[in-house]
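Keep the viewer open as you read.

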Amino acid sequence: MNKKGLVTAIVCTLMVFAAYFAWQFVFFDYETNVYTTTAEQLFTIDHLTKLVPLLIIGLLTAIGIVACIVVRNHLMRRDTLRSPYATRRAPSSNGRVRGRRVSAFMVVRWICMVGFFALMVFGGVLLGVRYAWISIPVLSCPANMSQLTEASCYYLAHLEELASLPLMGIMVFVASTLGFVLVLGRVLCGFVCPMGLVQDVMHKIRQATKVEGIAMTERMYQALVPIRWVMLLLMIGLSFVGGNYCNFCPAIALTPVAAGLSVSLYASGFLMVFVLIASFFKRRFFCTICPLGYLMGLAHRVQPFRIKKDCTACTECGACYEACPMGIKQLYTEREQTDVTDISCIMCGECVRCCPEDCALSLTLFGKDIYVSKRSRVVEGYRR
Amino acid sequence: MSYESEYSEALQRIYAANADVPSLRFFFDTAAKWHAYFAHDPDDISQNAHAYPLVVVLGHGIPEQLIYACNATPCVLLGGSHASCQWSDDAVPRDSDPASRSILGYALRLATRTDIDPLFVVPVANDNMRKIAYHLKQEGHAVLPVDIPPVATSPSARQTWEHSAETLVQTVARHVGGRVTARSLRNANRLVGRARAAILGFEQSCVECPGVLDSEGRLLVTNSYYQTGDLAQWTAALNELTAEVQARYRTIGSPCITAPRILVVGSPILFPQHKVAELINDAGLFTLTTVDAASTSRFASLSERESSGGATKLIRAISRNHYGFDSSSASVVNWAMGHYVEHLLSSMKVDGIIFHILKGQIEYDFELSRLEPLFDRMDIPVFRLETDYQYQDVEQLRIRLEAFAEMLGQRMLVADLSHARRRCA
Amino acid sequence: MAYADAIQEQREQRRRQRFATKSMHMTQKYLHRMRDLGGTLEQMEPFFNALERIYVQGLDVERPRSTKTVGTYCVQVPQELIYAAGARPVKLCSGHYTAFSIGDDVVARDACPLVKAIAGFEHMGTLPLYENCSLMVVPITCDCKKRIAGLIKEKWPVHPLYVPANREDEDIEHYLDDLYQLMHMVSHVTGQDVTYESLANALNLTGYAQYELSRFLRIKRTTPNLLYGTHAMAVMNASSYLDAGVWASAMGALNDELERRARANELVSRKDLPRIMLTGSPIVFPNLKIPLLIEEAGGMVVADETCMGERGMSDPVVPVDASFDGLMRSLAIRSLRPCPCPTFADNSQRIYRLRQMVRDYHVEGVIYHVLRGCLVYDYEFRLVEEELESMGIPVIRLESDYTDQDVEQLRIRSEAFVETIKLKKGPLKANRG
């Protein structure tokens with residue numbers, strides 16, 4: 001146990017160090033930063049050249065993933081039980097487990113994610129309007145001034161700048177952010193956040209290539225808790241000690257670059273590579289340490305979107321726990337309460353999708369069922 | 001018979017038979033004190049604001065050093081009392097064996113007291129323990145089921161056992177508020193090691209110096225290992241007793257035992273249920289030693305190299321070592337017991353074997369059928385003694401045992417005669 | 001000497017012959033009783049034929065010559081692994097009375113009859129189902145299974161599978177390691193490697209069986225009196241001896257017929273029969289004594305919570321991750337987590353399972369079946385009784401053994417229980433029924 005504590009302490013120290021001196025680690029530098037784009041500039045050669053940092057990130061991510069797989073295979077060679085099967089997951093390997101039907105809920109979720117991604121990248125420019133007074137608490141970097149709305153993360157990371165705004169501005173920000181938090185909460189994580197989309201895409205790539213991921217246990221999830229606290233501390237506190245969280249946060253490497261803006265990347269670039277590799281092997285890795293997500297989850301007791309459980313129908317099969325990207329164990333261990341909405345729940349609906357018992361789990365809005373677990377969803381695909 | 005009269009009568013009987021061995025006094029006191037603890041009706045216990053944390057171990061299967069290392073003395077429940085079966089009567093099915101009933105009876109007695117806060121550590125060695133753990137958990141008590149891998153060759157066996165041991169240590173330490181360090185583990189290991197060596201020395205001197213203590217006294221002494229609150233003091237007293245036995249043997253003229261020498265294998269004989277020991281005594285048989293679930297773990301000890309290292313390494317070494325010597329009924333085949341019996345048969349002159357099986361402990365029935373070819377091969381007669389904690393079958397068993405003893409006596413005579421004849425020829 | 005050996009050999013031969021004849025008669029008797037109940041459908045014949053083939057005709061399971069059979073003993077063994085290695089799994093928990101009477105002399109007196117019957121078949125060596133197995137996979141669950149693993153080791157290669165008593169995350173990881181080892185073992189026996197494709201196909205195969213079973217249970221649930229519970233249990237029992245795909249397609253045909261009958265309102269009985277649920281120790285063909293007695297006494301077995309019946313297959317594999325390890329993991333989880341077997345140290349989920357079934361099937365009475373010597377189920381009776389009493393459902397404990405001697409006593413008790421429920425439903429209803 002001491003060893004684990006030591007590792008966590010080292011990781012946290014490194015994070016603080018990297019965050020404070022973020023501007024020293026230059027990933028991609030522009031002489032002048034441009035924070036807006038125009039409708040004409042979109043989808044031109046000029047736009048494409050601005051995507052170079054993303055390409056570099058992508059390349060580094062791919063190299064990193066391959067390196068991890070190679071290293072893991074090498075380490076597994078000692079394990080006589082599993083090493084023969086290490087290579088039985090080639091993309092070309094035949095065979096697919098049928099089973100699950102596609103559900104409407106998931107289709108809607110993907111459409112929302114892709115749609116909002118587009119809106120957050122260049123929605124403002126395409127539609128010609130910008131609602132800068134709406135602050136959505138998602139990680140769609142406000143460095144991108146061409147997006148449809150504002151994102152709350154800038155002012156949350158720079159609280160003294162928020163304080164220096166006129167009172168009206170502060171109130172609008174607070175009302176907007178709070179409004180989204182109370183009404184939607186972490187549904188934003190599951191349906192809107194661009195970082196979420198990117199992580200889900202990485203996960204889908206892994207599923208398609210049948211590469212083995214990292215199986216998380218309860219202990220491993222608990223080990224991530226201090227890291228989440230450090231991230232929260234960095235986001236809120238870094239500006240007070242002269243640092244800039246935005247040079248550390250990986251979100252800056254996503255939507256602004258995708259919009260074709262010239263935004264310099266510092267430690268963020270490296271962190272983005274790390275986040276992409278991690279979310280390849282562990283679904284939605286960044287969401288487990290995201291400080292903004294945690295803040296949103298704090299209101300989970302009052303939010304209208306809830307996960308309901310019928311404890312008698314539940315067979316404790318644990319499929320929901322396996323499927324949950326956030327590792328919420330009480331989904332399957334709860335035996336008394338009917339409400340199992342957790343602070344980490346991003347409302348992705350995976351638990352409901354994988355649950356094989358009728359009506360055992362359901363996603364509800366103001367008590368009305370939106371998405372309910374069904375046996376047929378799990379087994380109907382096997383029909384011949 | 002009430003609980004109090006059951007154990008006090010037994011104590012008096014054994015005291016009367018062994019009155020001339022003063023060092024035994026300590027063990028009588030130990031046993032009496034332990035049993036008296038359960039005699040108090042839970043309703044009579046005064047309400048205490050701070051319940052004393054107690055670690056209760058049900059049955060065999062875990063290395064006790066791990067609990068001593070947490071600065072706690074385990075309260076080990078093994079059964080043995082017929083009266084305690086009544087305390088658990090409505091919670092167990094009809095076919096469960098009396099030892100498990102007795103264990104649950106004792107456990108429930110402890111569970112309902114308000115002056116202690118028990119943590120029940122249950123090594124899951126058989127079905128009864130499995131379900132008793134479940135029952136206690138349903139009643140709302142703190143229970144830690146310790147899984148013992150039944151197959152040593154499965155890839156997860158070693159990891160599972162080490163993981164179980166680590167969880168055990170963590171849970172117990174948290175419950176009693178103690179801290180486990182490499183030092184405390186080493187001390188506990190040494191403490192238990194000395195006690196075990198003392199038992200082995202005592203057993204050996206009882207075989208070499210027969211006639212000083214009777215078999216019931218022997219059983220009382222070895223049983224009291226699980227009933228003492230201060231193991232160091234107990235070890236010292238046992239060494240003293242061993243010395244006294246040896247000294248007394250010389251003074252009474254080193255009598256030779258002509259009675260048939262037997263091994264008692266199978267279900268343990270526990271105080272105060274000494275019915276089987278009494279019967280064996282009365283039939284005129286001399287018990288060399290008993291082989292049960294606790295016998296082989298006494299030989300487990302760590303080497304110097306294994307005793308070094310940090311706390312985690314030590315826990316793993318202790319648990320691995322114990323697992324190799326464990327003769328509880330957790331494994332598919334009780335190798336440890338079988339090997340120990342084989343070893344005893346080849347190193348000592350054994351005239352007969354009594355296989356003691358408590359009604360319901362079918363694991364020993366299976367072991368008997370597995371070991372029968374060995375006994376056949378070595379031409380040693382076996383007597384299957386199946387009984388429970390009640391006294392209804394005493395007469396019938398007495399007659400059968402006497403017949404068995406007679407048969408053994410005749411065999412010995414025939415063997416001596418043919419041996420003498422061969423020498424003359 | 002050779003002459004004496006020949007005589008001995010002849011005697012053994014005759015003994016085996018007598019045993020084979022007796023066991024055949026015993027099976028036939030129960031098959032007849034099953035058919036005499038009435039309400040059997042043409043679509044049930046493939047299942048009855050499978051049972052007949054094994055126990056009356058004394059043949060091996062129907063399979064291609066090159067496919068080896070692997071015997072399994074509890075639901076915790078994932079059959080998918082065996083299919084993936086190219087072998088055929090057969091469930092060998094036995095319900096045979098004749099084998100039990102042989103095994104009674106071989107194993108400990110207080111062991112459960114299921115294990116004694118297995119020992120009986122092992123001792124006599126007359127049933128190809130057992131004899132032809134290339135490997136026996138025995139999960140170490142209860143004491144009797146633990147010891148039988150040691151006993152049959154003398155005759156067949158046995159792979160004991162350690163089933164942990166707790167179900168924490170670490171225990172699942174360890175069980176996964178054991179499953180990899182099992183996979184190696186079966187591959188070694190068949191000589192065929194397990195590839196992603198073969199594992200995926202195996203999951204698809206058992207998934208198909210799962211789908212048809214889910215359909216069957218849903219049909220049974222929604223339309224009461226559609227078929228007798230005894231026949232349902234025999235049909236589910238037959239899955240032990242049929243290839244999963246064959247069983248599934250036969251099930252599909254049965255389901256289609258049942259759906260048609262449900263629409264046309266063709267039921268096996270018009271009366272409002274007392275709806276009884278069976279729970280407890282496994283009920284293995286041909287030991288259909290208890291369900292037959294209940295239904296002959298005028299009750300209807302609407303559901304059963306036993307491992308050779310509904311419970312054995314009702315939990316589907318839920319693959320969450322598409323990698324090879326992910327598929328193995330889903331097998332490990334399905335084998336352990338939802339299993340309400342009392343050999344797990346914490347079996348509180350069985351109470352919830354029973355509650356759900358009482359609700360789903362509108363159960364009016366529960367019969368708690370305990371085999372003589374089955375300690376683990378006996379221990380849980382008290383808890384189940386308490387729970388059902390709090391729900392207002394009457395429950396009785398029926399203890400049975402593998403003989404015909406206790407039939408009359410059990411008949412009287414079953415009839416009394418059925419009467420109690422009828423009266424509870426209302427004196428008018430009792431008269432109508």
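The report below goes through the chains, their contact surfaces and a few single residues.

## Ground rules

This is a predicted model, in which local features need pLDDT of at least 70, side-chain atom pairs count only at pLDDT 80 or more, and totals for chains, interfaces and linings use all residues. Residues are numbered from 1 along each chain as its sequence is written, while chains are lettered from A and ligands numbered from 1 in the order in which they are written.

## Chain C as a whole

Let us begin with chain C, which has 18 helices and eight strands; helices (H or I, at least four residues) and strands (E, at least two) are DSSP runs, numbered from the N terminus. Its C-alpha atoms fill a box of roughly 70 × 60 × 40 Å along the principal axes. The radius of gyration of chain C is 22 Å, which agrees with the value near 22 Å for a compact globule of 433 residues. That radius is taken over C-alpha atoms, and the globule rule is 2.2 Å times the number of residues to the power 0.38.

Of the 433 residues in chain C, 60% are buried. A residue is buried if 20 or more other C-beta atoms lie within 10 Å of its own, exposed if 12 or fewer, and partly exposed in between, with C-beta atoms placed from the backbone. Among contacts in chain C between residues at least 6 apart in sequence, 74% join residues at least 24 apart. Here, two residues are in contact if their C-beta atoms, placed from the backbone, lie within 7 Å.

Strand E7 (residues 365-371) and strand E8 (residues 395-400) of chain C run parallel and are joined by six bridges; strands pair if DSSP finds at least two bridges between them. Within this pair, Val370(C) stands opposite Glu399(C) in E8(C).

Now find Ala303(C) in strand E6 (residues 300-305) of chain C. Is Ala303(C) buried or exposed? Ala303(C) counts as buried because 25 other C-beta atoms lie within 10 Å. Leaving aside neighbours within four places in sequence, Ala303(C) is in contact with Met277(C), Glu310(C), Met357(C), Tyr361(C) and Val363(C).

## Where chain C meets chain A

How many residues does each chain bring to this contact? Chain C gives 39 residues and chain A gives 40 residues. On the chain C side, helix H8 (169-190), helix H9 (196-222), helix H14 (324-336) and helix H15 (349-361) each supply at least two residues. H9(C) has the largest share of that side, with 11 residues. By class, the side of chain C that touches chain A has 16 nonpolar, 10 polar and 13 charged residues. Ala, Val, Leu, Ile, Met, Phe, Trp, Tyr, Cys and Pro count as nonpolar, Asp, Glu, Lys and Arg as charged, and the others, Gly among them, as polar.

## Chain A and its domains

Chain A comes to 18 helices and five strands. Its radius of gyration is 22 Å, close to the 21 Å that the globule rule gives for 384 residues, so chain A is as compact as a globular protein of that length. Of those 384 residues, 45% count as buried.

Chain A is divided into domain 1 (25-89 + 103-303) and domain 2 (305-382), with bounds from an automatic or database domain assignment. The centres of the two domains, taken over C-alpha atoms, are separated by 26 Å. Their contact takes 20 residues from domain 1 of chain A and 17 residues from domain 2 of chain A.

## Backbone details worth a look

Cis peptide bonds, with omega about 0°, join Phe271(B) to Pro272(B) and Phe285(C) to Pro286(C). Pro286(C) lies in the loop between strand E5 (275-280) and helix H12 (289-296) of chain C.

Lys210(A) has a phi near 55°, a positive value in a residue other than glycine. Lys210(A) is buried, with 23 other C-beta atoms within 10 Å. Asp379(B) also has a phi near 55°, but Asp379(B) counts as exposed, with 8 C-beta neighbours inside 10 Å.
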